[in-house]
Amino acid sequence: MVERQPVLTVLTHVVLALGIAVVAFPIYVTFVASSHALPDVVRAPMPLAPGGHLVENYWGALTEGLRTVGGAPVGRMLLNSLVMALAIAAGKIVISLLSAYAIVYFRFPFRMGFFWMIFMTLMLPVEVRIVPTFKVVSDLGMLNSYGGLTIPLIASATATFLFRQFFLTVPDELLEAARIDGAGPLTFLKTVLVPISRTNIAALFVILFIYGWNQYLWPLLITTDQRMDTIVVAIHRMVAVAEAQVEWPRVMATTMLAMLPPVAVVVLMQRWFVKGLVETEK
Amino acid sequence: MEKRAVFQHRLLPYLLVMPQIVVTLVFFFWPASQAVRQSVLAEDPFGLTTRFVWAENFRGLLRDPDYLRAAGTTAVFSISVTALALASALLLAVMADRVIRGATVYRTLLIWPYAVAPAVAGVLWLFLFNPTVGIVSFALRQVGYRWNHLLNGGEAMLLVILAAAWKQVSYNFVFFLAGLSSIGRSVIEAAAIDGAGPARRFVAIVFPLLSPTVFFLVVVNVVYAFFDTFGIVHAVTGGGPAGATQILVFKVFRDGFVGFDLGRSAAQSVILMLVVIGLTVAQFRYLERRVHY
Amino acid sequence: MESFRVRGAGVVAVVVLLLLAAAPAAAETEITFWHAMGGALGEKVKEIAEAFNRSQSEYRVNAVYKGNYSETMTAAIAAFRARQQPHVVQVFEVGTATMMAARGAIKPVHALMAEAGEKFDPGAYLPAVTGYYTTADGKMLSLPFNSSTPVLYYNREAFKKAGLDPARPPRTWPELGAAATKLQAAGVPCGFTTDWQSWIQIENLSAWHDVPLATRANGFGGLDAELRINSPLHVKHVAQIAEWQKTKTFDYGGRRNEATAKFTSGECGMLTESSAGYAGIKRTARFDFGIGMLPYWPDVKGAPRNTIIGGASLWVMAGHTPQAYRGVARFFSYLSSPEVQADWHQFSGYLPITRAAWELTKRQGFYDRNPGTEVSILQMTGRAPTENSKGLRLGNFAQIRDVIDEELEAVWAGKKSARDALDAAVRRGNELLRQFERANR
């Protein structure tokens, strides 16, 4: 920072370390729980050090664990989650980019009307309108399909809003220059806007991927074919065992596995993630 | 809000905006209107007998002490979660902004919780605080405090607030860090030259410049606290004990999915929707001003 | 002439071959079965369905996990509204009234079996198990699938330490209180705890003591029933437990089955919990434990009667072809067969639904090898159920249970007296009943 005060620097690191401890602790506990056998996990207190069943639990989770809940093999479930998350992220980004572009760079009747229509989707979460949405999807014959899993969730305002904010901060000179060069709107979009929006696109990708990956209720409802299960559904299935005993180590191991892709996406893209949002704040 | 340089095409904008509008109409407005219509009906879950009851569902809600109590609980919950998530994130961001070496590492480690699904986060926190087998409750017992959020409403509330805030901290953290990075060095340095210490600088310069971010995050966090925390409450306390942690969205879910009283549940959703619209309109207006500024 | 005949024969041969090829593919009617059994139970359900599929070639049951009980029911409702409903859906016992009231959405089991010409003897089923799911005049509406009943688990080692006889669990509530106090004196932090407090301490309290839970024969007689859970017996029982909570003779552990951990960790010496919790307790308790019957109040005439079940049953949804229904009927017969029932019962800890399955399990020596596992059945079949102990038929009951849970929690926390809490529960519960009545008129 501006001054060099050793005390402040130390304090800074201490606060940050504490912050990380608090934030990461639950995840650490999950990890520890995934490395013990069931009786050790349910007695008080669970040991804080990892136990000796790590390999056994993870291997079991990968090969049999999910089989015992009558679901598809792990590989298939991870694929389903991946397809869903990627399709949702990509879909949202594409249609939001186009809509935001139209709303910012054109004048046409109902322009703001459209914007508000899109914006309203924030007001009523999926859980609340799930029964009628299910009917619509089934009427369209989209049950048990990747389409049904992803398209209904593509209607969303956050991405459009974010792009709109960003486009408003893009200097007009860029457009003028492109015009002078004889570029039409689509060319301008493709050759100028999209490249400079790259950081925003990356940032959104992270947010939307995680959103798609963590979906639970919607996939559960619209798929009856268990080969379409996602991994988050599988975790819930292991916990909802009515009166029987929950297999905590298995659940924790699967949770850790299910967290890896989203965390990986966040970590890898976090450079673009932060930069993307900085542009928006201008 | 308005750009000076625009294109004059007539048909193209409609084409560009169509995909999103179509999806929104088919998969949002149509089902949402059905859900809203549900709020003026008294219907059995299977839709076999339907009666129009107009405002009866709404009136019943406003007369129901349970509902009003849930509204109060939601207010306390949202404010607490927002305050805690924002304050912690701001503190961490300010600290991380000062650090030059290791910033990437800190940032990475602090973003993790965002990747955890809300319901799973709830289970994790339950694990920690379970009165019998939880590690934290065990530690508290060692220092003489018997933690039991199953009996103590205040403790239950504290637990869900912690769990919900935990998830949001990383999201806010990133925004704050981004906002701090964009404040020009020169402004800060000028103030330092004038003799302002770090605390003074923060209060007089940094925070005001950060205020648009703060406001934006306030609204986003409140919306999160209203809607997306359902999973955590469900997993951790189930609204208990004795309704101490029953927030409005949880009641919507309970009445709709467990009680299958779709009319009542829809009425509650409509009310929630109006509240969120109000909040968003306020945000939108404010941000418009900010962009001009 | 010759070539014509040859060609004709060739065409006939081809047609016959095509028909033969097409026939098997068309003959397997698919039956969808949505259930809420996760974990190992779900795997077992899948096994059962596959065994049925292998045993015949006309029908194929597809067992699909649709989430927990609420989610499964929501899925079925949403599906019905979209005309995509499954053939069979597993619904928890508190959803019985909702399913029953949806006359156009369901096909009662007795009608299903009769129409399909499937042999069906209502007398073969254990009345205490099926009573919940039959009409007032004994016609079966849904097939009980996973039913359990509350029993008393006790820590035999802790009993020995406290000077109590490990072979004699307390039989009455006063005895339990005395045992709990002795346990505490011997160093056990808490005397006893309970899971599923509404189901065990209120609903089963009523049935076990042959005392009404609600008017209109606990709701079997009509939608205009009213709760009676603030009767003197209920108030006395809750007040006693509240007293015990003060000294941790009783310690509250959660609405569902979180309190099991208090027992298996040794913190509490006794636990009233579902018989289906046996497998989990066996795995996680590191001490020798025994099973006894649910305690009762000796001064109540008519006690003990029989306990009621918890769990879920299988409902058949309307709107399918007679062909499919014949398949469902066959599947139900298969499920009710002694071998399948005995196997499911022994694996899961849920009760067998027929007398034959019970007998078979006895003959197989299962109860000898696993002492205490027959207690639940003996508890339910000791005496024939009365209209107070057949079960409940109350609408919105899932929410009523939540109300009861809330009010009881207020009592345990010392915020309300037992009388006030139960009065409030009756008031709030009746409102929910009236709402249900209104919506289903």
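I looked up contact range in chain B of this predicted model: of the contacts (heavy atoms within 4.5 Å) between residues at least 6 apart in sequence, 67% join residues at least 24 apart.

I then listed the secondary structure of chain B, which comes to twelve helices and two strands. Helices here are DSSP runs of H or I with at least four residues, strands are runs of E with at least two, and both are numbered from the N terminus. Along the sequence the order in chain B is α-β-β-α-α-α-α-α-α-α-α-α-α-α.

I checked burial next. Chain B has 293 residues, and 62% of them count as buried, that is, under 20% relative accessible area with a 1.4 Å probe, protein chains only.

I turned to the interface. I found 102 residues of chain A in contact with 91 residues of chain B. The area buried between the two chains (accessible area lost on being put together, 1.4 Å probe, summed over both) is about 9500 Å², and carbon and sulfur atoms give 78% of that area. Helix α1 (residues 6-33) of chain A gives the most to the side of chain A that touches chain B, with 16 residues.

Notes on method: residues are numbered from 1 along each chain as its sequence is written, and chains are lettered from A in the order written. Local features need pLDDT of at least 70, side-chain atom pairs count only at pLDDT 80 or more, totals for chains, interfaces and linings use all residues, and side-chain values use heavy atoms, without hydrogens and water.

How values were computed
Buried means under 20% relative accessible area, exposed over 50%, partly exposed in between (1.4 Å probe, protein chains only).
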